[in-house]
Amino acid sequence: MLDKLKSAEKRYEELNLMLTDIEVISNQEKYRALMKEHKAMTPLIEKYREYKKAESDFNEALGLLSDNVSDVEFKEMAQLQHDDAKKNMEQYKDELKVLLLPRDPDDDRNVIIEIRGGAGGDEAALFANSLYRMYSMYAQLKNWKTELVSANPTELGGYKEVSFSIEGEGAYAKMKYESGVHRVQRVPETESQGRVHTSTITVAVLPEVEEVDVDINPADLEFQTFRASGAGGQHINKTESAIRIIHHPTGLVVECQEERSQHKNKEKAKKMLYSKLYEAKISEQANKIAAERKIQVGTGDRSERIRTYNYPQGRMTDHRIGLTLYKLESILNGDCDEVFDALRIADQAAKLADSSSI
């Protein structure tokens, strides 16, 4: 591990020099790439330097304690320095192991989230709206930008399906654990007996990618236009501005009808298609990794029940890591960091366990 850290620090110092080079600064593309690498390495190097400082303090204290010094107070100070430095070294070493784990190359990407109603009819559609609101409020708290891509609303104010993008630093890193089946347990407003109903919705979190990230033959794409429509099938647009794209080799179909401009709808639909094809490309490898671990990460597995939202008890339970929180209202209002951070930590622990067994 120390050899890796020494090499990383050497590279970091090289980057510092290159970023002050006039030729590099004048080449904006190269400068941005080096700045990105520098920013990604900074937490690791800062922690490594903290470790080296603790190691230096530890060795200094050892030397003082080995000297034949009769001053009791001086020896006590040296022992305290020794103990603190040893404790810090152990803590920093654990933190460095996490920082040295391979980064998910998609972590810095924006995301596209799909929410679809599952079992439960109108209740599932209403809950799809609740999760759409939850993610939107979380994004707002993070100062991220959200944009609706496609929606199929119901008469009661829910969504049979809704897709939207989130643009912001580290969006995918935070949101990638949300893919899967979400279950809600609550009493519907239409239920006169007060019985709790169970409904499900599926969530898919896709990293937003560009055309260059996927191999697409233009001849494989079929573009269709149609009139945008709202809840109940009412036309909200007299022109055929809505776009449907069919990718024939995979059978994937994407639609966008939220913009009045056909061109804008086409661009949004293409982004959605690229992301879905990219997800398909990486999912096989991710599934193999996930099969060996307790937590599914970035696989887009839409068959696994990952979480339950129990309204009568005010409880949210994430089944992958056994996390239960009795703050459902707060979570549904966008206070999700405790959940997302717990999933990230569990994922890192699983990866560390994997790496230590190799």
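1. Asn 143 comes after helix H5 and has a positive phi, near 60°. H5 itself covers residues 122-141. With 20 residues, H5 reaches 29 Å from its first C-alpha to its last, close to the 28 Å expected at 1.5 Å a residue. The model is predicted, and local features such as these need pLDDT of at least 70.

2. On the chain overall: there are nine helices and 11 strands. The chain has 358 residues, of which 41% count as buried. Among contacts in the chain with a separation of 6 or more, 62% come from residues 24 or more positions apart.

3. Helix H1 spans residues 2-18, 17 residues in total. From its first C-alpha to its last H1 reaches 24 Å, close to the 24 Å expected at 1.5 Å a residue. The buried residues of H1 are Leu 5, Ala 8, Glu 9, Tyr 12 and Leu 15. They lie on the same side of H1 because they cover an arc of only 120° around the axis. An α-helix has 3.6 residues a turn, so residues three or four places apart point the same way. Exposed residues are found on the other side of H1, namely Asp 3, Lys 6, Lys 10 and Leu 17.

4. What covers the buried residues of H1? The cover includes helix H3 (28-66) and helix H4 (72-99). For H1 and H3, the packing angle is about 130° and the axes are 9 Å apart. H1 and H3 are therefore oblique to each other. The crossing in which H1 passes H3 is left-handed. On the H1 side, the residues making the contact include Leu 5, Ala 8, Glu 9, Tyr 12 and Leu 15, which are the buried residues of H1. Lys 6 of H1 also takes part in the contact, although Lys 6 is exposed. H3 contributes, among others, Leu 34, His 38, Met 41, Ile 45, Tyr 48 and Lys 52.

5. Asp 107 sits in the loop between H4 and strand E1 (111-117). Is Asp 107 buried or exposed? Its relative accessible area is 13%, under the 20% cut-off, so Asp 107 is buried. Beyond its neighbours within four places in sequence, Asp 107 is in contact with Gly 170, Ala 171, Tyr 172, Ala 173 and Lys 176. Asp 107 and Ala 171 are 64 residues apart in sequence, while their C-alpha atoms are 7.3 Å apart in space.

6. Thr 225 belongs to strand E6 (residues 221-226). Its relative accessible area is 36%, so Thr 225 is partly exposed. Which residues is Thr 225 in contact with, leaving aside its neighbours within four places in sequence? They are Glu 240, Ala 242, Ile 243 and Gln 262. In the case of Glu 240, the separation from Thr 225 is 15 residues in sequence and 5.7 Å in space, C-alpha to C-alpha.

7. Val 253 is part of strand E8 (residues 252-256). Val 253 is partly exposed, because its relative accessible area is 39%. Not counting residues up to four places away in sequence, Val 253 touches Arg 244, Ile 245, Ile 246 and Lys 276. Val 253 and Ala 269 are 16 residues apart along the chain, and 9.4 Å separates their C-alpha atoms.

Definitions and conventions:
Residues numbered from 1 in each chain as written. Predicted model: local features only at pLDDT ≥ 70, side-chain atom pairs only at ≥ 80, totals over all residues. Heavy atoms only, no water. Helix = DSSP H or I, 4+ residues; strand = E, 2+ residues; numbered from the N terminus. Expected span 1.5 Å × (residues − 1). Buried < 20%, exposed > 50% of the residue type's maximum accessible area, 1.4 Å probe, protein only. Arc of directions from axis to C-beta. Contact = heavy atoms within 4.5 Å. Axes fitted to C-alpha atoms, helices over the stretch in contact; angles between N-to-C directions. Parallel < 35°, antiparallel > 145°, perpendicular 65-115°, else oblique. Left-handed = near helix turned anticlockwise from the far one by under 90°.
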